[in-house]
Amino acid sequence: INVALMFVMYVSLAVRVCFRKNRRFSKAFYILMMYLSIDSLLASFIKFFPIKEEYSELNTNNLVAVGRLSKEKGMADIVKIVLLLKERNIDVKVNIFGDGPEKAYIEKLIDENDLKDSIKMWGFRKQEFIKKYYKESSLYLLPSYEESFGLVVLEAMSFGIPCIMFDDAKGPLTIVNRDNGFIIKNRKLEK
């Protein structure tokens, strides 16, 4: 059992600290958590993984973002970014997938700034539906203030799409690098 415990994969630093501080969890619980986490992660990812013909050609001004619409995910910052791009005469089309408590606020920002032609809010959609938009996009946006792992980054990269993210979303920093994306330091939206 001790050997198996060496392979526990924590989804975030916060979870790791919680588990290390709280010793009441049994060894069997750790093993069960590891098995369930890895098993469900791999099962969903392998099912979703595209074949080479489904890779994005990276030849559009389409951008995509997928995730919960909540403050820590920073999706409202996408509106600010699109406004900055428009000021520079850069035309983009952003498809945002997800639901959450910030949905009405983001939709209001889109309306107030007359960006309905530039940003499309899709709400929650299944992966099969989103696949089409990954294939038609040239960049994945990860505006999170915090992120434990960033499975959506792997999904986007599986279509050959580079990711742009802020360095405060620590989790995906182990995945995103100069070869497959862009990391913006200090949350500078204008970059």
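This is a predicted model: local features need pLDDT of at least 70, side-chain atom pairs count only at pLDDT 80 or more; totals for chains, interfaces and linings use all residues.

Student: What makes arginine 125 count as lying over the face of phenylalanine 129?

Tutor: The CZ of Arg must be within 6 Å of the ring centre and within 35 degrees of the ring normal. Arginine 125 is at 5.3 Å from the centre and lies over the face. A further case is arginine 187, whose charged end sits over the ring of tyrosine 145, 3.6 Å from its centre.

Student: Why is the pair of phenylalanine 97 and tryptophan 122 called stacked?

Tutor: Two values decide. Ring centres must lie within 6.5 Å, and planes under 30 degrees apart count as stacked. Phenylalanine 97 and tryptophan 122 are 5.8 Å apart, centre to centre, with 10 degrees between the planes. Therefore the pair is stacked.

Student: How do you know whether phenylalanine 97 is buried or exposed?

Tutor: Buried means under 20% relative accessible area. Phenylalanine 97 has 1%, so it is buried. Tryptophan 122 also counts as buried, at 18%.

Student: Why is the pair of phenylalanine 97 and tyrosine 133 called tilted?

Tutor: Under 30 degrees is stacked, over 60 is edge-to-face, and the rest is tilted. Phenylalanine 97 and tyrosine 133 have 55 degrees between their planes, at 5.3 Å centre to centre. So the label is tilted. Phenylalanine 97 lies in strand S2 and tyrosine 133 in helix H6 (residues 127-135), so this pair ties together parts 36 residues apart in sequence. Tyrosine 133, at 10% relative accessibility, counts as buried.

Student: Which residues form the aromatic cluster?

Tutor: Phe97, Trp122, Phe129 and Tyr133 form one cluster.

Student: How do you know that strands S2 and S3 pair?

Tutor: At least two bridges are needed. Strand S2 (residues 93-97) and S3 have four, in the parallel sense. In this pairing, phenylalanine 97 stands opposite glycine 123. S2, helix H5 (residues 103-112) and S3 make a right-handed β-α-β unit.

Student: Why is strand S3 described as largely enclosed?

Tutor: Four of the five residues of S3 (residues 119-123) are buried, so the rest of the structure largely encloses this strand.

Student: What surrounds isoleucine 119?

Tutor: Leaving aside neighbours within four places in sequence, isoleucine 119 is in contact with Val79, Val82, Val94, Ile96 and Ile110. Ile119 is also among the residues that touch the most other members of the largest nonpolar core, which has 23 residues. Helix H4 (76-87) is one of the elements that each supply at least two residues. The largest share, six residues, comes from H4. Apart from this core lies another, of 20 residues, including Phe97 and Ile130.

Student: What makes aspartate 179 exposed?

Tutor: Exposed means over 50% relative accessible area. Aspartate 179 is at 76%, so it counts as exposed. It lies in the loop between strand S5 (163-166) and strand S6 (181-184).

Terms used
Residues are numbered from 1 along each chain as its sequence is written. Side-chain values use heavy atoms; hydrogens and water are left out. Buried means under 20% relative accessible area, exposed over 50%, partly exposed in between (1.4 Å probe, protein chains only). A crossover is right-handed if, with the strands pointing away from the viewer, the path from the first strand over the helix to the second runs clockwise. A nonpolar core is a set of buried Ala, Val, Leu, Ile, Met, Phe, Trp, Tyr and Cys residues joined through side-chain atoms within 4.5 Å. Contact means heavy atoms within 4.5 Å. Rings of Phe, Tyr and Trp (its six-membered ring) pair if their centres lie within 6.5 Å; planes under 30 degrees apart count as stacked, over 60 as edge-to-face and the rest as tilted.
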